[in-house]
Amino acid sequence: RFIAKPCAINLGIQDSGPHRAQPNAILEKVFTSITKSPDGKRLEGLSKQLDWDVRKIQRWFRHRRNQDKPTTLTKFCESMWRFTYYLSIFFYGIRFLWTAPWFWDTRQCWYNYPFQPLTSRLYYYYILELAFYWSLMFSQFTDIKRKDFLIMFVHHLATIGLITFSYMNNMVRVGTLVLCLHDASDFLLEAAKLANYAKYQRLCDAFFMLFGVVFIVTRLGIYPFWILNTTLFESWELIGPYPSWWLFNGLLITLQILHIIWSSLIIRTAYKALVRGKV
């Protein structure tokens, strides 16, 4: 409200919504209770009932659908909030982990487990991340609806489960590695969105391509060969098959499946961008 909105207005992003549909009780009832995209047969019936041309009814439904879409200003403000969080928490995590021995040697995650001290910096890192993902879990029902709603819902559930579960079992060392790795690419995607909403196309393309590279390298390269390697094999070797081993790794593998789905979407988008000349 006090930072993102003024920034958007200075960049020329208007707070005007799409063209509103003409008020009509019959069409509104069909739209809200039956269908948002009526087929040919229903359009003909409505045309006779209202004495309207079919094209006019189609145009009304298009305007009514667009009416519910958020404005560019709203999307800009949401992305700026997320960009600020992801960038801040990523640098906090990198600064904290740079001096942590398990950042350089993942076997340190399991030495003397579970009797490992919980430092205040580690505690705050965990609580901030958990609070943020809980906020996303609740706000996704009121925020801007996107095509990957179901995948994001599963992602938030898996993430909250992993953060809570690893904290309760004092697996916070490997947990910080997972969190920092995931934050590495998220702020780049939000930066690409901000550039897109502000109509800086070349900047948007550059951020998106950089995001795609970082995402695929971290989620399909570093994550399975660094994180999953230590949770599946090094932990088994150093502390044995502890009771929660299956659940913990099951959640981590669920995340890896989501990474593969998202990576395919990113690659498809990047391919289309190269063909069209823009994202």
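**View 1. The whole chain and its surface.** The accessible surface of the chain comes to about 16,000 Å², and carbon and sulfur atoms hold 64% of that area. Keep in mind as you look around that this is a predicted model. Of the 279 residues in the chain, 43% are buried. Along the principal axes, the C-alpha atoms fill a box of roughly 80 × 40 × 40 Å.

**View 2. A chain built from helices.** Count the elements here and you will find eleven helices and zero strands. The radius of gyration is 24 Å, well over the 19 Å that the globule rule gives for 279 residues, so the chain is more spread out than a compact globule.

**View 3. Two domains.** The domain assignment places residues 19-68 in domain 1 and residues 72-277 in domain 2. Taken over C-alpha atoms, the centres of domain 1 and domain 2 are separated by 43 Å.

**View 4. A closer look at helix H7.** Helix H7 covers residues 120-139, and its end C-alpha atoms are 28 Å apart. Which residues of H7 are buried? They are Leu122, Tyr125, Tyr126, Glu129, Leu130, Phe132, Tyr133, Leu136 and Met137. Seen down the axis of H7, these buried residues fall within an arc of 160°, so they line one face of the helix. What covers them includes helix H5 (72-97), helix H6 (101-104), helix H8 (149-168) and helix H9 (172-197).

**View 5. The loop between H6 and H7.** Most residues other than glycine have a negative phi, and most peptide bonds are trans. Asn112, which lies in this loop, has a positive phi, near 60°, and is not a glycine. Is Asn112 buried or exposed? Its relative accessibility is 54%, so Asn112 counts as exposed. Now find Pro114, which also lies in the loop between H6 and H7. A cis peptide bond joins Tyr113 and Pro114, with omega at about 5°.

View 6. Look for Lys199 in the loop between H9 and helix H10 (201-239). Although Lys199 is not a glycine, its phi is positive, at about 65°. With a relative accessible area of 70%, Lys199 is exposed.

Methods:
Residues numbered from 1 in each chain as written. Predicted model: local features only at pLDDT ≥ 70, side-chain atom pairs only at ≥ 80, totals over all residues. Heavy atoms only, no water. Helix = DSSP H or I, 4+ residues; strand = E, 2+ residues; numbered from the N terminus. Expected span 1.5 Å × (residues − 1). Buried < 20%, exposed > 50% of the residue type's maximum accessible area, 1.4 Å probe, protein only. Arc of directions from axis to C-beta. Contact = heavy atoms within 4.5 Å. Rg over C-alpha atoms; globule rule 2.2 N^0.38 Å. Areas by Shrake-Rupley, 256 points an atom, 1.4 Å probe, with all protein chains shown as cover. Domains from an automatic or database assignment.
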